[in-house]
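Try each one on the structure before reading the solution.

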Amino acid sequence: MLKTILTSLVSTALLAAAPAWADPAPASENMSHALAVTGKVARPLTLTVADLRGLPAANGGELAVTRHNGDKAETITSYRGVRLRDILDKAALDAPGHNDAKKIAIIATATDGYAVVFSWGELYNAPAGEGVIVYYEKNGKALDDSDGEIALISAKDIRTGPRHVKWLNGIEVRKLVE
């Protein structure tokens, strides 16, 4: 049942993002300046780059950003940011029951409507969670209009592009089932 719900949620997120793929706005119109963390959290947050710099840093080395078909989109030589898991811990997931956390999905959205989904299990109970980074520096520099001030990458995905969110401005925590 949970697998069906997650599949449906991923499909919905991808369909909602399709208009952004078809007719993208100029990068400067999509610039993200803050990240809102909302939904099933005890402490909703709004984080700027300065706020993110105050959290424990996560650094990464060379990373090929690959499209869904395996083609290389770009190579990132280095990046600096914060693990998504650390941001969620700061917001404190609202999951008081023994199994509540296992029913949570995390949706990362961009200013252009693009959205990707992570499960609690991926972020907290699998090696992939170590590589889901909200980043503000790439190749030794602050992000520019082409990425927004804040972006997200799932560096341990086999194909990193589909869950690479430029212009990141929202993290929503949802409980999928009761």
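This is a predicted model: local features need pLDDT of at least 70, side-chain atom pairs count only at pLDDT 80 or more; totals for chains, interfaces and linings use all residues.

**Exercise 1.** Work out the order of the strands in the five-stranded open sheet, and find which strands are at the edges.

*Solution.* Start by walking across the sheet: the order is E2-E1-E12-E7-E8, with mixed pairing. Next, look for strands that pair on one side only: these are E2 (45-47) and E8 (115-119), the edge strands. As you go from one strand to the next, the twist averages 15 degrees.

**Exercise 2.** How do E7 and E8 run, and how many bridges join them?

*Solution.* Find E7 at residues 104-110; E7 and E8 run antiparallel, and five bridges join them. Then pick out isoleucine 106: across from it, in E8, stands phenylalanine 118.

**Exercise 3.** Which helix lies across E1, E2, E7, E8 and E12?

*Solution.* It's H4, residues 84-91. Now compare directions: H4 runs at about 135 degrees to E2.

**Exercise 4.** Is glutamate 137 buried or exposed? Then find its partners.

*Solution.* First, locate glutamate 137 in strand E9, residues 132-138. Its relative accessible area is 18%. Buried means under 20%, so glutamate 137 counts as buried. Next, check its side chain: a polar contact of 2.8 Å links it to the side chain of arginine 53. Finally, skip the neighbours within four places in sequence, and you'll find glutamate 137 in contact with Arg53, Ser78, Tyr79, Arg80, Ala142 and Leu143.

Conventions. Residues are numbered from 1 along each chain as its sequence is written. Side-chain values use heavy atoms; hydrogens and water are left out. Two strands pair if DSSP finds at least two bridges between them. Helices (H or I, at least four residues) and strands (E, at least two) are DSSP runs, numbered from the N terminus. Axes are lines fitted to C-alpha atoms, for helices over the stretch in contact, and angles run from 0 to 180 degrees between N-to-C directions. Contact means heavy atoms within 4.5 Å. Buried means under 20% relative accessible area, exposed over 50%, partly exposed in between (1.4 Å probe, protein chains only). A polar contact is a pair of N or O atoms within 3.5 Å; within protein, one must be able to donate a hydrogen and the other to accept it, and residues adjacent in sequence count only if both atoms are side-chain atoms.
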